Amino acid sequence: MRGRGRRIYFGQGCLGIELKTLRQQSFGIIEKIFALGPAFGPEVDQLYFVNRHPKNEDPFGHQVEKYNLKTGHLEVVTSQVGGAIRPVISPDGKWMVYGSRHDGRTGYRLRDLINNTETWLTYPVQQDQQEN
């Protein structure tokens, strides 16, 4: 159907929530959500994804955000200078691994979701097309 965007469905018979309306529901303003690489936490009401705000002109401005499907609360989880890609959440919900860039190379960051601390898990990893 025309005019329909990506939607998140949860619960039986639910019509879903359009990803582009998440910011509107959380903050009362309209801003497009460019959700990339969504991943659910161990609680299925927690959705992690990478988003870049339209006003952010930094080419590595993507950061991981977490959306609570029950409460509508949206929070930015990372603030890494090299941006963030493809979050993966551990089965117990205590850890998150995501890709980031530093000095023109890509590596994996390990974030403790309980203490909100993080470090490089491995850096650098295999080169990609941007690094040739």
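Strands, as the term is used here, are DSSP runs of E of at least two residues, numbered from the N terminus, and two of them pair if DSSP finds at least two bridges between them. The structure is a predicted model, in which local features need pLDDT of at least 70, side-chain atom pairs count only at pLDDT 80 or more, and totals for chains, interfaces and linings use all residues. Residues are numbered from 1 along each chain as its sequence is written, and side-chain values use heavy atoms, with hydrogens and water left out.

Strand 5 (residues 63–68) and strand 6 run antiparallel and are joined by three bridges, and lysine 66 has glutamate 75 in strand 6 as its bridge partner. An open sheet of four strands, in the order 3-4-5-6, is formed with antiparallel pairing. Strand 3 (36–40) and strand 6 (74–76) stand at its edges with a single partner strand each, so that one side of each is left without a neighbour in the sheet.

Most residues other than glycine have a negative phi, and most peptide bonds are trans. Against this background, arginine 86, which is found in strand 7 (residues 85–89), has a positive phi near 45 degrees, and this residue counts as exposed (over 50% relative accessible area, with a 1.4 Å probe and protein chains only) at 61% relative accessibility. Aspartate 103, in the loop between strand 8 (95–102) and strand 9 (105–112), likewise has a positive phi, near 50 degrees, and is exposed with a relative accessible area of 67%. A cis peptide bond, with omega about -15 degrees, joins tyrosine 123 and proline 124, the latter lying in the segment after strand 10 (117–122).

Conventions. Buried < 20%, exposed > 50% of the residue type's maximum accessible area, 1.4 Å probe, protein only.
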